[in-house]
Amino acid sequence: MKRAPALLITAALAVQSLPAAAQTPPARPDRVAFRELYRELVETNTTSSVGNCTTAAEQIATRLRAAGFSDKELVLYVPPGRARDGGLVATWVGSDAKLPAMLLLAHIDVVEAKREDWVREPFKLIEEGGFFYARGTSDDKAQAAIFSDSLIRLRAAGYKPRRTIKLALTCGEEGSNPNVLNGARWLVENRPELLKAGFALNEGGGGRTAPGGGPETLGVQVSQKSPRNYILEVTNPGGHSSVPLPDNAIYRLAAAILKVGAVQFPVHLNPVSQAYLAKAGALRKDAVGTAMRTLAANPTDADAARALSADPAMNALLRTTCVATLLDGGHAANALPQRATAGINCRIVPGETPDETRATIAAAIADPQVKVLPSKIQERPVAVTPPLDPAILKPIETVGAKHFPGIPVIPTQSTGATDATYLSQIGVPTYGIPGLWNDGSSGTHGLNERMSADALYRGRDYIHDLIQAYAAG
């Protein structure tokens with residue numbers, strides 16, 4: 001998932017780690033087979049630098065064929081000129097053509113990982129202390145493996161779905177530069193029929209580990225912010241450094257960056273963020289919980305907004321945020337700078353636009369010599385928030401009550417972004433489902449990424465039953 005890194009708003013709840021003594025659940029025959037699929041997928045390097053998503057997609061296709069899927073049901077696609085960026089779409093036609101299809105979406109590419117930085121080999125699945133360690137164990141190969149495994153198990157068991165089930169394993173979701181091709185975007189633009197569905201289940205839900213183990217909440221990602229990148233640029237004739245001038249490109253840029261850092265966008269809630277504040281706030285018996293409930297009931301309450309804004313995760317839920325992330329300036333140690341630039345990364349709340357955000361930055365800087373330019377990064381479409389559809393939320397609650405009794409289902413808004421933004425362009429409402437929770441040190445996008453074995457196996461059982469609930473109509 002393209003996140004920052006993968007921050008869910010459920011981070012605002014109290015974070016507790018899985019006890020160190022927790023052990024992997026006893027092996028079941030079906031778990032043994034799943035673990036091997038998971039291991040193979042995780043140990044296949046799918047980074048954009050040297051990895052190969054096409055190989056990973058072919059491995060899953062081989063397993064689906066062994067379970068009974070025909071070549072007609074499987075589409076292994078490779079975008080022209082991108083031999084390593086292939087993916088897989090499987091289509092299992094249901095018995096009721098009147099029911100819109102369900103799409104299971106997961107990306108199989110991962111963020112880069114340098115061996116010298118990691119405690120363990122990042123591309124070898126290592127089970128230790130109740131956790132699986134490796135790049136991609138969480139983001140997003142856990143869900144990719146579970147989706148694939150569910151179709152394999154259901155087909156091998158002779159299951160007959162009423163609703164058509166589609167599985168899309170794509171590459172390039174983690175890319176953040178012009179050289180990375182996003183597979184979901186490519187499919188939307190070139191093979192939209194493969195992804196067309198009534199709704200999609202995606203990454204982005206989940207939650208945090210509860211004090212006693214298991215999920216604290218069943219988070220359903222319904223809304224997400226839209227990332228946009230801007231470049232602040234200052235140019236100057238420069239000159240010899242032995243004769244400093246008052247007008248210096250680096251000084252002018254520095255002043256502009258400080259002004260951007262002082263910008264606080266207004267509170268801008270939507271039905272999803274309001275529902276989150278109300279439901280998550282009800283779980284907290286402290287001043288923060290009170291402020292959450294107050295702001296949910298009255299989004300103009302300045303005192304509640306001020307109290308919540310002190311928490312970085314909450315602040316990111318309430319409003320658009322912009323932050324300086326890149327800096328470059330000058331061309332020689334003995335010359336006055338002729339150019340200085342800074343990268344500004346913004347996360348825009350639903351209901352606001354990139355143009356409005358850019359205008360706010362420019363107005364705050366208030367210096368015509370500082371240009372606010374769009375970056376060359378390939379941006380995602382503006383996120384479209386799907387409805388809080390009872391037809392989607394009810395099965396999550398019903399199946400959740402079976403697997404996680406008493407754990408509430410809470411709609412969430414992600415501070416990051418996923419490939420749901422592309423699916424919205426072809427009218428496919430997309431929801432990040434719960435089931436895979438993590439602790440506060442999952443290492444997603446960072447060092448020593450890990451996934452709790454308890455979450456992986458219990459989440460697998462939950463998602464398997466959830467898929468059947470939707471497939472039954």
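Are phenylalanine 199 and tyrosine 470 buried or exposed? Both are buried. The close-ups below come from a predicted model.

**View 1. Phenylalanine 199 and tyrosine 470 form a tilted aromatic pair.** The ring centres lie 5.2 Å apart, with 55° between the planes. Phenylalanine 199 belongs to strand S7 (residues 199-202). Tyrosine 470 belongs to helix H14 (residues 453-471). The pair therefore ties together parts that are 271 residues apart in sequence.

**View 2. Four rings join in a cluster.** Its members are Phe34, Tyr38, Phe132 and Tyr457. Ring pairs make the links.

**View 3. Helix H2 (residues 53-66) packs with helix H3 (residues 141-156).** Their axes are 9 Å apart, at an angle of about 15°. That angle is under 35 degrees, so H2 and H3 run roughly parallel to each other. The crossing of H2 and H3 is right-handed. From H2, the contact uses Ile60, Arg63 and Leu64. From H3, Ser148, Leu151 and Ile152 take part. By class, the contact of H2 with H3 has four nonpolar residues, one polar and one charged.

How values were computed: Residues are numbered from 1 along each chain as its sequence is written. This is a predicted model: local features need pLDDT of at least 70, side-chain atom pairs count only at pLDDT 80 or more; totals for chains, interfaces and linings use all residues. Side-chain values use heavy atoms; hydrogens and water are left out. Axes are lines fitted to C-alpha atoms, for helices over the stretch in contact, and angles run from 0 to 180 degrees between N-to-C directions. Helices (H or I, at least four residues) and strands (E, at least two) are DSSP runs, numbered from the N terminus. Angles under 35 degrees count as roughly parallel, over 145 as roughly antiparallel, 65 to 115 as roughly perpendicular and the rest as oblique. A crossing is left-handed if the near helix is turned anticlockwise from the far one by less than a right angle, and right-handed if clockwise. Contact means heavy atoms within 4.5 Å. Ala, Val, Leu, Ile, Met, Phe, Trp, Tyr, Cys and Pro count as nonpolar, Asp, Glu, Lys and Arg as charged, and the others, Gly among them, as polar. Rings of Phe, Tyr and Trp (its six-membered ring) pair if their centres lie within 6.5 Å; planes under 30 degrees apart count as stacked, over 60 as edge-to-face and the rest as tilted. Buried means under 20% relative accessible area, exposed over 50%, partly exposed in between (1.4 Å probe, protein chains only).
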